[in-house]
Amino acid sequence: MSAPPVLEVRGVTKAYGERQVLRGIDLAVAEHEAIALIGASGSGKSTLLRCIDLLEDIDDGDVLLDGEVITDPSVAPPGVRKRLGMVFQAFNLFPHLSVVDNITLAPVRAHGVPKAEARERARELLARFGLEGRAEDYPDHLSGGQQQRVAIVSALATQPRALHLDEVTSALDPELVGEILHRVADLKASGMTMLIATHEMGFAREVADEVCFLHEGEIVERGSAEVMFAAPEHPETQRFLRRLLDAGRL
Amino acid sequence: MRAAAKRQRAQRRTTISALSTLVVLGGLAAILVTSPGWHEVRTTYFAWDDLKDSFPDVLKGFWLDVKLFVIVEACVLVLGLVVALVRTTRAPAFFPLRLLAAVFCDVARGVPVVLLVYLVGFGVPALDLKGLPTDALVLGGMALTFSYSGYVAEVYRSGIDAVHPSQMAGALALGLTRGQALRHVIVPQAVRRVVPPLLNDFIALQKDVALVSFLGPMEAFRVAQIDAASNFVYTPLVAAAVLYLFVTIPMARVVDHLQAKSRRVRGVVEVAA
């Protein structure tokens with residue numbers, strides 16, 4: 001690899017008061033690569049994504065975007081976040097704006113894209129995500145699955161360098177998970193660089209090039225989904241996968 | 001069968017509420033009319049001729065009230081929002097402004113409106129500074145703006161606080177600056193939430209414009225008071241009271257309507273977690 005990875009995380013630590021949430025995370029996501037972060041609730045997956053997106057301050061370590069240290073205090077966060085896309089578990093759509101206004105808000109306000117152009121592009125993306133004719137609806141009038149697709153379109157509308165998915169299927173009914181999974185697999189096929197925190201092992205298996213298992217703020221095991229799911233090495237990984245297997249989710 | 005039973009029940013409910021209303025109101029009217037002083041009260045408070053004589057003047061005075069509260073309301077909407085936004089800033093450099101805004105709210109809400117009207121109305125001209133207004137109406141309006149901006153700032157602030165933090169996170173994650181996030185995401189949602197309490201404060205303001213009369217302007221209350229004093233009747237005051245009701249009651253109904261509408265149309269606008 002000659003070009004630097006799109007995202008690089010070096011020795012990142014983070015504590016909330018006494019509680020150590022991240023204990024020295026090292027991670028690199030190359031262009032067009034998708035990495036899945038798995039692990040129990042509270043293992044630090046979401047916090048890691050929020051730290052990379054500069055929504056949380058880190059205590060130590062560095063995060064690099066295209067080789068530039070973005071966690072340096074002299075770097076202005078909005079400029080960094082403009083280059084990253086984030087999709088949240090609870091969608092975080094803006095209820096007072098129509099679907100198309102939700103999607104064009106960042107392109108128009110943060111990137112200075114002319115409104116007409118942004119709307120045109122929003123419509124293309126909506127069509128690609130099976131949401132034709134929904135542009136003027138309000139988020140409250142959409143189903144959970146539709147809202148989550150709008151959230152993904154919103155994050156894509158700014159053409160980010162990397163897309164962060166934070167438990168994007170956790171708030172959805174089981175029958176809607178497949179739909180989102182399918183869309184994310186399409187994105188991966190189109191070359192999007194992704195970092196995916198998930199409880200849904202389908203993401204790990206079908207989308208991710210590499211799976212990282214987090215336990216108490218550390219990546220204790222990493223590798224391809226096939227290898228890790230078939231023959232986990234670390235005892236915590238074994239325990240975690242056993243629990244998923246028992247719950248019928250693997 | 002069921003429909004008929006329902007209709008019957010509805011009819012019975014209507015009959016009962018009509019009867020009970022009649023009994024209560026009739027009883028109250030009976031107590032009023034049979035009270036020993038009723039004749040006196042009727043001739044001093046509810047004299048038709050006095051009402052006809054004084055009404056045009058009182059109405060003219062009330063027009064001044066209307067102009068005053070419309071202007072003050074516009075100023076309060078802007079100033080209240082500015083103060084609320086200053087109070088929600090976090091940057092250390094804004095600390096003095098935050099402190100000032102907090103003191104503003106405390107003083108504005110903590111001092112009786114009538115006192116503020118006196119203090120501003122007589123205190124500001126006493127400063128004898130060039131450029132400061134000396135018109136009693138303007139000074140009274142300033143005092144009311146100050147007082148009500150304190151309340152309205154807190155209303156706005158509660159609205160801003162009520163918008164879930166995930167909305168700010170979502171806006172920031174898109175690359176918006178904190179200011180853009182406030183302008184396009186947080187404040188529009190906050191304002192929608194606070195319209196009813198905001199209008200409630202305006203109902204209070206629409207009556208409190210009468211306090212400006214203490215500084216001299218011939219608004220409805222003052223006109224009525226002068227009329228009342230010169231004719232030894234209180235009817236003009238009743239006329240003024242009715243005029244205030246003409247603006248405050250519709251406003252109260254608007255508030256009710258908006259509250260009902262926001263419940264009905266948008267459902268609960270709460271954002272999931």
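Predicted model: local features only at pLDDT ≥ 70, side-chain atom pairs only at ≥ 80, totals over all residues.
Local features need pLDDT of at least 70 and side-chain atom pairs count only at pLDDT 80 or more, while totals for chains, interfaces and linings use all residues. Residues are numbered from 1 along each chain, chains are lettered from A in the order written, and side-chain values use heavy atoms, without hydrogens and water.

Chain B is divided into domain 1 (1–35) and domain 2 (44–265). These bounds come from an automatic or database domain assignment. The C-alpha centres of the two domains of chain B lie 39 Å apart.

The structure holds 0 disulfides over all chains. A disulfide is a pair of cysteine sulfur atoms within 2.5 Å. For A:Cys51, the closest cysteine sulfur belongs to A:Cys212; it is 16 Å away, too far for a bond. A:Cys51 is buried, at 1% relative accessible area. For B:Cys75, the closest cysteine sulfur is in B:Cys105, 17 Å away and also too far for a bond. B:Cys75 is partly exposed, at 37% relative accessibility. Buried means under 20% relative accessible area, exposed over 50%, and partly exposed in between (1.4 Å probe, protein chains only).

In chain A, 4 strands form an open antiparallel sheet in the order 2-1-4-5. Strand 2 (19–29) and strand 5 (68–69) of chain A stand at the edges; each has a single partner strand, so one side of each lacks a neighbour in the sheet. Strands are DSSP runs (E, at least two residues), numbered from the N terminus. Two strands pair if DSSP finds at least two bridges between them. Strand 4 (residues 60–65) and strand 5 of chain A pair in the antiparallel sense over 2 bridges. A:Glu68, in strand 5 of chain A, is the bridge partner of A:Leu65.
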